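Here is a walk through a model of two chains, meant for someone seeing it for the first time. Please keep the structure in view while reading.

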Amino acid sequence: MLATSLVTLALAAAWEIKCRSWGYAPTLNDTPDLWAMRRNAVKPDSVVIIGDSRAWFDLDLDEVERGLGSRPVQLAIPGSCAYPVLADLADDKSFHGTVICSVVPIMFFAPGGPPVQNSMDAINRRRAQTVAQKASNEIGMFLEEHIAFLKEDDLTLGELLNRLPIPNRAGALVGPPLPPYFETEDRERRARMAPQCAIPGPLQDRVKYGWLPLFTPPPLPTYIPRDVFLGGMAQAVEARFRDAASAVHRIRARGGKVVFVRFPVSGELRKLEDQATPRTGRWDRLLKDTGAPGIYFTDYPELASFTCPEWSHLSASDSVEFTHLLVPHLRQAIGSAL
Amino acid sequence: MLFNSLIFVVFFSVVLAAYWGLRSWETRKNLLLVASYVFYGAWNPPFALLLFSTTALDFFLGSRIAAAKGPRARKGWMIASVTSNLSMLGFFKYGNFALDNTKWCLAHLGVAYNPPHLGVLLPIGISFYTFHSLSYTLDVYRGVCAPTRSLRDFTLAVSFFPQLVAGPIVRAADFLPQLVSPPVLRPNQLSWGLCMMTLGMFEKVVLADTLLSGSADAVFGYKGTLQPLDAWTGVLAFSGQIFFDFAGYSTCAIGAALCLGFHLKDNFRFPYAAVGFSDFSRRWHISLSTFLRDFLYIPLGGNRRGPARAAINLVIVMFIGGLWHGAAWTFVVWGLIHGVFLMMERIFKAVTGDAEFSHTLATRLLLGLGTYAVVCFAWVFFRASTFPDAARILKSMLGAAGHGDAILGTRAIIQVGAVIAALLLAHWTMRDSDLESTVARLPRVLIATIWTLMLSAILLTQGSGNAFIYFQF
């Protein structure tokens, strides 16, 4: 038993050294438990950030606090649709604070699938979280802050097996892999792009070219007639406009404010997004239907000047500068949101 | 509290250290009782009260059965226990199912009835602890077990944390005698207990959750038809996932109990090497099979009233066994498939007798693989949410669904194939043995190496604290 323990510890130490030599450093995993912890920190008048990974990477909490006078709570979830969290805040009758909501149209208007599921997993975990889960989360965070190989998105057995270069059958409907490690996260869920990803190199390329298949609409399902499927999608988008407007109205009726933000996107990914979800069809109508103010990064030269190194998110240093420049627009939008 | 959670590691370490550090047996039992209620209450504290009320009622009814003067009174108290336990189980687990089916029946009779959905949260492990508790009054009634005078001991027997929420279903008659005198700490026993906990965790975290669940979820969650390769891969993956998940929990439970000096019976005995369905039922979820045999099949008459009645009894038992797993007709069909194959096997044996050909290795292997294949077909009903989903998977498996979609990557197919092949090989290698004696025959270096690899794989996998499948039952 002693020999087993010692050899296991030695192997774990060797693996830790290997992971660090690859550039991994200890960081928290972005789990539904961590999200639930931050959601519980929301006070009735809090400034809350919701949406996808762009709000998660691109907003600096210190700069928002300096600019708006209130420490924001980061509730944006990578790869998620913002609507379920917006609805969760709207359903919270005590909440009358400010919501900064990131909109990546392909995710915000996703009728279901992983974007909605990612948000629902977090919300459901908070609703059903047990004492044991809270305690496990505390222990887990302590370990993750000290051990690099506990990076669950990248260094687990399952993820390592996923990386095996085994070609799939022709025509297999297998989803594209998620991009590899490129961020760190703290207990406030402030995400920062890893330095290796902010500079040109193999990691940046892997992340960059990972987005295109992920943001390309999947082939139409074979088991539903094309017209029926497309009709259902159109209905789902209409329903999302209606539901989002209802959620915004409920928050505003209590004195709360909602501001939509379109964060920077670059390169081939920007072309793909603009083509798949043109601004007029989604963004403009969202603002019109909800009556909420919005900040579209291309409308302001100082915000449009930022380039995302891996096409989708800002580097850690740029996120601070970007937030500094965004805050005056947020202040103005919040003022007009009443 | 889940076995595969960090808080359990801390909890178990503290309980284990304190338990063996205490001198007084009474104090140690008190510690285990408190620990068990903390273990259960960490999920939802109010349901700990429900657990205690069930226990206290059966303690009282057990004493009434023992004290009753005549057989009618004894039977009356026993029926009171069965009724109270099954009513509670029925309310929490089958309330909405019963209302939905009533609504469906009335609708077919032209009566519009819209019952409100009971917003009832299912207490975790209720099917298990209800049977733990019920086994006591039934065994006292049968004269197998003497009533205990200690409410504390009985409460501990029902709530003993290793087996509380997902089995094995430990009968009070097996556990209460172990509370009479204190166990002695034996290093080998502690070491074997920890090794079993590692094996159970490896089965759950690495094999079930990491290597198999993804393919099973993808196949059973897909709404279109599939290529036969994908459908079979998904179903084989589920057959492995459900085994490793449930057997993993049982192995952890037995290991944890052993670390504390208690012996729980095996709940699985290499079931995928079963030759025939009666053999399968003796190897899969043994504690439930024996519970249903002793408390349902035999009281119904067993096979004492002729083959026809025995067949009916078997179907009744498997119907109840299916329903025990979940409040859905798909579970009932799963149970009935097992019941029908048990009947067919009896007929086959009656016709062929003890034919010589049935003892050859080739025949046994063929029958064993045939049993596994039918078990896999039955798993489709167990895993599918609806009958149309089950039909779609079955058609895809048989290639009767036309051109289906390929949804699994080559790596996933290889992964499932390798794990299932290893699983079948392991079960066939050890089918006439047991885990402990098999391990005892291995060189110590090899044991230490395998143990190290399992621990390392658990560390590498980390696990996201997925609940065990049988928690929902």
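In which sense do strand 1 and strand 3 of chain A pair, and over how many bridges? The model is a predicted one, and in it strand 1 (residues 47–50) and strand 3 (residues 98–102) of chain A pair in the parallel sense over four bridges. One point of reference along this pairing is A:Ile50, which stands opposite A:Cys101 in strand 3 of chain A.

Strand 3 of chain A also pairs with strand 6 (residues 257–262) of chain A, again in the parallel sense, over five bridges. Here A:Ser102 has A:Val261 in strand 6 of chain A as its bridge partner. These pairings belong to an open sheet of five strands in chain A, with the order 2-1-3-6-7 and parallel pairing. The sheet ends at strand 2 (73–74) and strand 7 (294–296) of chain A, the edge strands, each of which pairs on one side only.

How many residues of strand 3 of chain A are buried? Five of its five residues are, so the strand counts as mostly covered. In a regular strand the side chains alternate between the two faces of the sheet. For strand 3 of chain A, one side carries A:Thr98, A:Ile100 and A:Ser102, while A:Val99 and A:Cys101 lie on the other. Residues on both sides are buried, and both faces of strand 3 of chain A are therefore covered.

The C-alpha trace of chain A spans about 65 × 50 × 40 Å along its principal axes. A compact globule with 338 residues would have a radius of gyration near 20 Å, and the 21 Å of chain A agrees with that. Buried residues make up 38% of the 338 residues in chain A. Among contacts in chain A between residues at least 6 apart in sequence, 81% join residues at least 24 apart.

Chain B has zero strands and 18 helices. Its C-alpha trace spans about 65 × 65 × 55 Å along the principal axes. For 473 residues, a compact globule would have a radius of gyration near 23 Å, and chain B, with 23 Å, agrees. Of the 473 residues in chain B, 47% are buried. Residues 24 or more positions apart account for 73% of the contacts in chain B with a separation of 6 or more.

Chain B is divided into domain 1 (6–98 + 119–182) and domain 2 (189–472). The C-alpha centres of these two domains of chain B lie 27 Å apart. Where they touch, 22 residues of domain 1 of chain B are in contact with 21 residues of domain 2 of chain B. On the domain 1 side, helix 1 (6–21), helix 4 (71–108) and helix 5 (126–142) of chain B each supply at least two residues. Helix 5 of chain B gives the largest share of that side, four residues. By class, the domain 1 side has 14 nonpolar, six polar and two charged residues.

The last step is the meeting of the two chains. Here 32 residues of chain A are in contact with 34 residues of chain B. On the side of chain A that touches chain B, helix 1 (2–21), helix 8 (131–144) and helix 9 (157–162) of chain A each supply at least two residues. The residues of that side of chain A divide into 20 nonpolar, ten polar and two charged.

Technical notes: Residues numbered from 1 in each chain as written. Chains lettered and ligands numbered in written order. Predicted model: local features only at pLDDT ≥ 70, side-chain atom pairs only at ≥ 80, totals over all residues. Rg over C-alpha atoms; globule rule 2.2 N^0.38 Å. Buried ≥ 20, exposed ≤ 12 C-beta atoms within 10 Å, placed from the backbone. Contact = placed C-beta atoms within 7 Å. Nonpolar A, V, L, I, M, F, W, Y, C, P; charged D, E, K, R; others polar. Domains from an automatic or database assignment. Pairing = 2+ DSSP bridges.
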